[in-house]
Structures are given as C-alpha cells and as structure tokens.
Amino acid sequence: MITLIWLELQKMFRKWRTYIGFIAIGFLAILVQVVLYFAGTKMIDFQMRGMEQSFVMVGNLFNGYFIARFILMALIINIPFLIVLVGGDLLAGEATAGTYRMLLTRPVSRLQVVTAKFIAGWISVLLLLVWLLLLSLVVSLLLFGSGPLLSFQGMRLIIFAENDILWRFLCAYLFAFISMSTVISISIFFSSFVQNAIGPIAATMAVLIIFLILSAIPVDFFQTIKPYLFTNHMSQWDGFFGDPVDYKEIFHSMWYLLAHIIVIYGITTYIFIKKDILS
Amino acid sequence: MNSEQVIEVRGLTKKFGSLIAVNNLDLNVYRGDVFGFLGPNGAGKSTTIRMLLSLIKPTSGEMKIFGKSITKNRKEIFSKIGAIVEKPDFYLYLSAYKNLEILGKLSGADTSKKKIMDMLALVGLEKRYKSKVKTYSHGMKQRLGLAQALLHDPELIILDEPTTGLDPQGMKEIRDLIIYLSREKGKTIFLSSHILHEVELIATRMIIISKGTAQVEGTVEELLKSEKVVVTFEVDKIEDAIRTVNESKWKENFKSTSKSEINFELTKNEIAMLNKYLIEKGILVSAVVPVRSLEDYFLRITEGGAK
C-alpha cells in the first residue's frame, strides 16, 4: 500500500498541473507580504482608528502573526479551486490516458488503487497547506518580526499574547486540512465517473459555488438547510482565533466534515470496484 | 501438448444492454501454448481479454487461470500474468524508464536499473530510455508495451493485437520475440489477432470467434490441414499437364487453367502429393502459388460458414 501511495505521489508531482496551486499560493502570499511591507501600517492604523483615543497601543502589532492570519483569511477560500485541479485528475486522468488498463491488470486490488489515490490526494492537500503555512507564517515572522496578535471578531477586538498564538495557527491549519480534504474527496468522487478531468473539476466547483450561494441567501428555507451544507462547516478553522475557543462548535464541524470524507470515500470505492473499464 | 490448463473459460457471456458482446464462450489454453485468439474486429476478442483481466465483469460464466478463480485469487494470478490490452497506453509525461519502474513495482518485479535496461534492450528501446513516452512512435509504444508485460517474468502473457500499426519489420520482430518467449522461455502466450497469417506463423492452437461466439477451436495444423486452398501450378507443358490430370484422381481437384498455369483446389497435404505426381509424369513444375489465401478460410468461418 505504501508503494502504491508513493507511486501515486510520483505520478502526481511529475505533472505540471500539480504545481499550479503551489505557484499560485506562492505568488499571492509573497505579493501580499510585499504590499503589506510597504503599505501595511496604513491598513492597521485604519482598522485601529477610534480605539487610539481609548487605548494606548504598545509593541509591534503589525507583526508576522498578523500578516500570517491576514494571508490565511485571504487565500483559504480560494484553495478549494486549486486543489480540485489535482483531485479531478486522479482517476479521470488514468481513464483519459488509457492507463487504467495498465494499472488495473497488476496484482493490486481496486480497493488499494482507489485508497492510494485518496491518500495521495489528501497528502497533496497537506503539502499545499504546509507550503502556505511556511510562506505565510514563517516568512512573515522573518520579515515582520513577532508580537501579539490582534483579532477582530465582529465589534470585538481580541489581543492574543505572543506565547498564545502558535498553537492556534497549527490547529487552524489542521482544521483547514480536514476542510480541504473534503473538497478533494468530492473531486475524486466525480473523477471516478468520467474519462476527462475537466468534468470533475467543474462539478466540484459548481457544488462549492452553489452551496456557498445557498448559504448566503437570507431566506428561511435556505437558512434552515445551511447547517447541513458542508461548506458551512469549512470556515470553522477561524474558531481557533476566538476567545474563548468554542470547541463544541469546532468538533461538531470537524466530525461533520470527516463523515463527509468517509461517506464519499466509501461511495467512490464501491463505484470504482463495480466499474467496467472500457477506456 | 502439456495437459495443464492455464486458462479455462466456461460459458462466458457479456451483455452491454441488449448487445451480446461475448456469447457462451468456452476456452482452453494449455501450458506452453501459443494460443491464437482470432476474430474480425468487433468479434468480442478485446471484451473477452478484458474479462480475463478483470477489467470488466462477465454477465455470466466461469473463468479460471492457473486452475484458480480470478475473482478469489486475483493478486496471486495477476502476479503471474503480463498483458497488453488493445493499444499500450502509458504515462506520456514520464520517461520509458520511469513507466517501467512504476508498472514493474506494482507487479512486484525486480526494478533495478540493470533489469529495466535489459528489458528495454530486449525490445530495442535502450537508447531512448530517458525520453518521455509522448515522443514515442506507435511502434515504440507497442515495444514498450511488451517490455512492461515481460518485466516481472510472467508465466502467462496475454497480447491483444500486438502487431497492430507496426511496419513489416516491426511485425516480424514482435513475432520473433513471441516465438523466442514460447520456445526458449517456456511462456504460455494468449495472442489475440485478426490476422490469420500471423497466427498461423506462430500459434500452436487457436480459436476463431465471430459475433462473440466460438466458431472453431483446435491446433492450427488440424484446422488448416483439411481446409482446401486454391493453388496455381506453373508448368512447362500445359497441354500435357492437363491431359495427365484428367487421366488421374486429381481431376476432381482441377478448377481452371490459363496460358501456362493450372489451378487446383487442394488441402495442404495434397499440394505436395500433386507436385510429386506431376514431376513423376515428366512435367516440370516451376512454381506452386496459393491463390486463395488463408484469409478466405477465416472469412468463411467468421461470416457464418460451416464449422
């Protein structure tokens, strides 16, 4: 199984499309850092206006943690659109290339093949998030230095002490990993039906966009179904920057997303095992 | 013939909706066979091979390879099978070497550099081992397909139209390789083809299928020896030859004549006998040319002729 996963990763990372997400995130993260380096103090002054009369702000508030959170908030909503490029191709890519015939006539079961594809997909998500973490947090801390983290929650301003921040980022990224794994699992699911990667990429994006739009419509019916849409649970990573942290809500969302992953994996595996390979 | 059955198929049927692609097919392939699986395009050859390799599920029937059920012993059986199903497709963005390494590892093969390079040398691709497969010609992909099928030293090699798209030299190389694998390495080979001549050259046993149904099965020699072929004898004294034939039992085999040629309908054994007879009667035979090709036999069988 480990060999299969390793071979899947080798195939994946020898494809140009796999690097699109890494390049896009690298470009955006660095661009945001450069822009904030030159114009960021104006932004934080704008956000803090009105409070300066009541509070005396000391220390480096415009620091690496603040930038890292800013980048995370800005980019995390776009990451699903990058990871489906990889997920949509995982099974459909084999059908397009005709390599199913080579792959599935080896002494490995279809269950192993599809499981290796899922695990490779999840690993690609993990690597993309680690890349984002390195660029946003590590580079930001090197460029902007450390300090307390300002967190705006609605009308509330929360300031986290310097030694109370790192674990929040790690937990937020861990939650983001589960969220993004749900998305890539959906794209692999769609990928099992077709012989072209475009379809699953478009279908996954359509599901995301439709669910996000439904969640945003202020009509009773849509607000009633909103808690059942997985997209509603994907942004719970931000809960780790609340005070106090609402663990009940976070775990509820986490289990909800994990259940989605398990069910999607199960259905995809069933379909793939039953599938006639005609390509 | 070795009596150990390598492939045993009973009542194999595959339906796609109302279309019956394979209908109640029986197959017997024995160890050491070069088994020709003949049929015109659309006869159900590839569907049968895909069922043998678990790529598609049969509607009904039973398949055993190495005496074991494929569904229950898939891993064990597939570790001893090398296959090309239709045209060989590879990861085009990878080199030939990397493709073989990946596919070899999946088959549990020795994927050391020496082993892979030896295999590439066997199929004449060692100089292009670093090139991405997308730069390969069809013939090169076919040869790479053979390399991936052989890398893990399988006992049974299933080849689906392995010479399709190759030039005559390439076809000969593949045929020579199949003969080498059979005779020198003792491999059992299941060869699907729509070219009777190709099967005749290398197969020991064969089956002809048409519209998903088996038409004839047996050794190539048995099936073809009783089949009459139109043969032209070029002779020096045409009138003497005609008179001699008319006075003999060969009169029944006579078909037509032209300036210096006489056409007969003969079995393979009869060709040599008639040639000997004419020479004994003082008629010089300068050439014996089969006019009606073996393809006619194939066409007659596949178009619903007598079994």
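In what order do the four strands of the open sheet in chain B stand? I read the order as E2-E1-E4-E5 (chain B), with antiparallel pairing, where strands are DSSP runs (E, at least two residues; helices are H or I, at least four), numbered from the N terminus, and two strands pair if DSSP finds at least two bridges between them. Strand E2 (19-30) and strand E5 (68-69) of chain B stand at the edges with a single partner strand each, so one side of each has no neighbour in the sheet.

I noted that the model is predicted, that local features need pLDDT of at least 70 and side-chain atom pairs pLDDT 80 or more, while totals for chains, interfaces and linings use all residues. Residues are numbered from 1 along each chain as its sequence is written, and chains are lettered from A and ligands numbered from 1 in the order in which they are written.

Next I turned to strand E6 (residues 81-84) of chain B, which runs parallel to strand E7 (residues 156-160) of chain B and is joined to E7(B) by four bridges, with Ala83(B) opposite Ile158(B). Ile81(B) and Ala83(B) point one way from E6(B), Gly82(B) and Ile84(B) the other, and all are buried (20 or more other C-beta atoms within 10 Å of a residue's own, C-beta atoms being placed from the backbone).

Ile158(B) came up again in the largest nonpolar core, of 137 residues, where Ile83(A), Ile158(B), Phe190(B) and Leu191(B) have the most contacts; such a core is a set of buried Ala, Val, Leu, Ile, Met, Phe, Trp, Tyr and Cys residues joined through C-beta atoms within 7 Å. Beyond four places in sequence, Phe190(B) is in contact (C-beta atoms within 7 Å) with residues including Phe35(B), Phe37(B) and Ile158(B). A second, separate core of eleven residues includes Val231(B) and Phe264(B).

For the interface, I found 24 residues of chain B in contact with 20 residues of chain A. On the side of chain B that touches chain A, helix H3 (96-106) of chain B gives the largest share, four residues.

Finally, for chain A I recorded eleven helices and two strands, and 38% of its 279 residues counted as buried.

Methods
Buried ≥ 20, exposed ≤ 12 C-beta atoms within 10 Å, placed from the backbone. Contact = placed C-beta atoms within 7 Å.
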